[in-house]
Amino acid sequence: MYIIVVGAGKVGWNLARELLEKDHEVTLIESDRRRYMTVEQELEHNVSYGDASELWVLERAGIQRADMVIAVTGDDEDNMLICQVAREKYLVDQIIARVNNPRNRQHFDLLGIKPSVSATDLILRLLEHEVPEYGLVHLLDLQEEQLEIIEMLLGKDSGVTGRRVGDLHMPEGSLLISVLRAGKGFVPTADTVLEEGDEVLAVLDPGKEDDLKALFGPEGDGGIASG
């Protein structure tokens, strides 16, 4: 693939290096002259100097033939603009944007710039995963497919602890897909009895999180299916 990476900070520099090692063709664009000179000592002809918000800089980098554009500058507005131009003007199929301020994520979504990656959100999810008190953890959001994969840790007071999976009345638009128990994962059957300490994975439609919390949390009634 031919990949253009915009922003030669630590993220962009390391990303470009890794992509080159995987035998991709890469151009890294940097607008700060001093930073460009530093990175150019290692990446040589694979780094280009200029402001990627200007069309001629992108065209000099060969955006017309790029398979992917990744914008990882420290400015969210620049990342949005670069990805939008790449997709709409140059018809680049794949774009990825860095989100520096998680509060700006909604602006990326409104412009259809997906996927967008926020280091802050990633760290928060890792924290949620390591600290069970946080309850429901989002593992994966498939925005285009309108699906989410979440994880929940079952406490002794969970409404489903001791219940058969086949007896649970799962909310519409949700499906229990895996149970992690004692470090080993398996796909549950209708006869699987959920235990304290189980980590359950579910796939669901967006907006169903509260329903899952109500079922699996301490306030749940066990979700017994009627009939």
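Colleague: Which hand is the crossing where H1 passes H2?
Modeller: Right-handed, for H1 passing H2. Keep in mind that this is a predicted model.

Colleague: What are the angle and the axis distance for H1 and H2?
Modeller: The angle is about 20°, and the axes are 12 Å apart. H1 covers residues 10-21 and H2 covers residues 33-43.

Colleague: Roughly parallel or roughly antiparallel?
Modeller: H1 and H2 are roughly parallel to each other, because angles under 35 degrees count that way.

Colleague: Which residues meet in that packing of H1 and H2?
Modeller: From H1 there are Lys 10, Trp 13, Ala 16, Arg 17 and Leu 20. On the H2 side they meet Arg 35, Thr 38, Val 39, Glu 42 and Leu 43. By type, the contact of H1 with H2 has five nonpolar residues, four charged and one polar.

Colleague: Switching to rings. How many aromatic pairs in the whole structure?
Modeller: The search finds one. The partners are Tyr 36 and Tyr 49.

Colleague: Geometry of Tyr 36 and Tyr 49: what is the angle between the planes, and what is the distance centre to centre?
Modeller: The planes are at 50° and the centres at 5.6 Å, so the pair is classed as tilted, since stacked needs under 30 degrees and edge-to-face needs over 60.

Colleague: Where do Tyr 36 and Tyr 49 lie?
Modeller: Tyr 36 is in helix H2 and Tyr 49 is in strand S3, residues 47-49. The pair therefore ties together parts 13 residues apart in sequence.

Colleague: Is Tyr 36 buried or exposed? And what about Tyr 49?
Modeller: Tyr 36 is buried at 14% relative accessible area. Tyr 49 is partly exposed at 33%.

Colleague: Zooming out, how many helices and strands in the protein chain?
Modeller: Seven helices and eleven strands. The protein chain has 227 residues, and 39% of them count as buried.

Colleague: What share of the contacts comes from residues 24 or more positions apart?
Modeller: 55%, taken over contacts in the protein chain with a separation of 6 or more.

Colleague: Now Ser 178. Where is Ser 178 placed, and what does Ser 178 touch?
Modeller: Ser 178 sits in strand S9, residues 174-181. Leaving out residues up to four places away in sequence, Ser 178 touches Phe 186, Pro 188, Glu 199, Val 200 and Leu 201. Its relative accessible area is 18%, so Ser 178 is buried, as the limit is under 20%.

Colleague: What about Glu 195: which loop holds it?
Modeller: Glu 195 is in the loop between strand S10 (184-186) and strand S11 (199-204). Glu 195 counts as partly exposed, at 39% relative accessibility. Setting aside neighbours within four places in sequence, Glu 195 is in contact with Leu 154, Thr 161 and Arg 181. Val 179 is 16 residues from Glu 195 in sequence, and their C-alpha atoms are 9.9 Å apart.

Colleague: Last one, two leucines. Where is Leu 212, and where is Leu 147?
Modeller: Leu 212 is in helix H7, residues 209-216, and Leu 147 is in strand S8, residues 147-153. Leu 212 is buried, at 0% relative accessible area, whereas Leu 147 is partly exposed at 29%.

Colleague: How are Leu 212 and Pro 171 separated?
Modeller: By 41 residues along the chain and 7.0 Å between C-alpha atoms. For Leu 147 and Gly 173 the values are 26 residues in sequence and 9.4 Å, C-alpha to C-alpha.

Key: Residues numbered from 1 in each chain as written. Predicted model: local features only at pLDDT ≥ 70, side-chain atom pairs only at ≥ 80, totals over all residues. Heavy atoms only, no water. Axes fitted to C-alpha atoms, helices over the stretch in contact; angles between N-to-C directions. Helix = DSSP H or I, 4+ residues; strand = E, 2+ residues; numbered from the N terminus. Parallel < 35°, antiparallel > 145°, perpendicular 65-115°, else oblique. Left-handed = near helix turned anticlockwise from the far one by under 90°. Contact = heavy atoms within 4.5 Å. Nonpolar A, V, L, I, M, F, W, Y, C, P; charged D, E, K, R; others polar. Phe/Tyr/Trp six-rings, centres within 6.5 Å; stacked < 30°, edge-to-face > 60°. Buried < 20%, exposed > 50% of the residue type's maximum accessible area, 1.4 Å probe, protein only.
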